[in-house]
Number of protein chains: 2
Amino acid sequence: MQKAHHPELGEIALTEVMAALSDPIRVGLVRVLADGRERGWGQLRAPVAKSTLSHHLRVLRDAGLTRTRQEGTRCYVTLRGDDLQARFPGLLQVVLAAIEIDDVGSQVGLRDDADR
Amino acid sequence: MQKAHHPELGEIALTEVMAALSDPIRVGLVRVLADGRERGWGQLRAPVAKSTLSHHLRVLRDAGLTRTRQEGTRCYVTLRGDDLQARFPGLLQVVLAAIEIDDVGSQVGLRDDADR
DNA sequence: TTCGACGTTCGTGAAACGTCGAACAAGCTA
DNA sequence: TAGCTTGTTCGACGTTTCACGAACGTCGAA
């Protein structure tokens, strides 16, 4: 496949981050990744077609919220927690707390083999 | 004019708040209102037509970010700082800080008579 | 080499968004 | 009353977003 452009730290734009977090599916993905562990594409369970999931993961990546790593034909995704913290201090934590308060994105989860 | 529906505290949805903050003009409006003071419609200066400004103010209101008060034929708008704090603790402060860091919405300002 | 699994990209359509100007409604002011 | 000001609503337009299935490219396994 190819490039998978990730924005630099300084290129992360607030409005794009907000836009990325304005969709329940994407919020759910962030929620699942909140523990900081890297997850394989296949572990993610969301009520959309795989092309749509790919789209959402791209939006998150383009906004700078996640980092995608490729290994063979598989993809692994992580939250860019440290980068986010460096760019917009406190934002991620507060948003994660708000996600729990509002219970958004609960439709997204992990496959049963939630181990590693 | 009419109703101007404001959501209750518990009705404020995270994804809508995020969506409201995904546009530079609206972020600029929030920035201008960040000091907590009530502002008259006429004090706001933004590079869009008045119908567009009206639209943006409605989005902010519908998302629960601002409160609009009518007095005669004029409108006054305030940030719902306390409500936001009660619903999603810390969110507003962190977002306001992020707005400054990214310098979003600087195209929005106040008329020269910034007094009161 | 053939096959299957994996994820991206493409093509498409429906819906939502941002923008504008024009028309409208409601309240002041002359 | 007539006119002005203020802000909302409406319709139109083009862009973007979200969703899907299908096709494609890449890799590991048989």
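Helix H3 of chain B gives the most to the surface near DNA strand D, with five residues. Please keep in mind throughout that this is a predicted model. In total, 25 residues surround DNA strand D, and the closest are A:Val48, A:Ser51, B:Trp41, B:Ser51 and B:Ser54. The elements that give two or more residues to this surface are H3 of chain A, together with H3 and strand E4 (74–79) of chain B.

The classes near DNA strand C are 10 nonpolar, 12 polar and three charged residues.

Next, the protein chains and their relation to each other. Chain A can be laid on chain B with an RMSD of 0.0 Å, by a turn of 180° and a shift of 0.0 Å along the axis. That is the relation of a two-fold axis. Which C-alpha of chain A lies nearest the axis? The answer is that of A:Met18, 2.5 Å from the axis.

As for the contact between the chains, 19 residues of chain A are in contact with 19 residues of chain B. On the chain A side, helix H1 (14–20), helix H2 (24–33) and helix H5 (91–102) each supply at least two residues. H5 of chain A gives the most to that side, with six residues. By class, the side of chain A that touches chain B has 14 nonpolar, three polar and two charged residues. Moreover, 100% of the interface residues of chain A are also interface residues in chain B, so the copies meet through the same surface.

Let me now consider helix H5 in chain B. This helix, residues 91–102, has 12 residues and reaches 16 Å from its first C-alpha to its last, close to the 16 Å expected at 1.5 Å a residue. Which residues of H5 in chain B are buried? They are B:Leu91, B:Leu92, B:Val95, B:Ala98, B:Ile99 and B:Asp102.

Just after H5 of chain B, B:Asp103 takes a positive phi of about 55°, although B:Asp103 is not a glycine. B:Asp103 sits in the loop between H5 and strand E5 (109–110) of chain B. Is B:Asp103 buried or exposed? The residue has 9 C-beta neighbours inside 10 Å and therefore counts as exposed, the limit for that class being 12 or fewer.

In chain A, A:Asp103 has a positive phi of about 50°, and it too is not a glycine. A:Asp103 is found in the loop between H5 and strand E5 (109–110) of chain A. With 9 C-beta neighbours inside 10 Å, A:Asp103 counts as exposed.

Notes
Residues numbered from 1 in each chain as written. Chains lettered and ligands numbered in written order. Predicted model: local features only at pLDDT ≥ 70, side-chain atom pairs only at ≥ 80, totals over all residues. Nonpolar A, V, L, I, M, F, W, Y, C, P; charged D, E, K, R; others polar. Contact = placed C-beta atoms within 7 Å. Helix = DSSP H or I, 4+ residues; strand = E, 2+ residues; numbered from the N terminus. Least-squares fit on C-alpha atoms with pLDDT ≥ 70 in both. Near = placed C-beta within 6 Å. Expected span 1.5 Å × (residues − 1). Buried ≥ 20, exposed ≤ 12 C-beta atoms within 10 Å, placed from the backbone.
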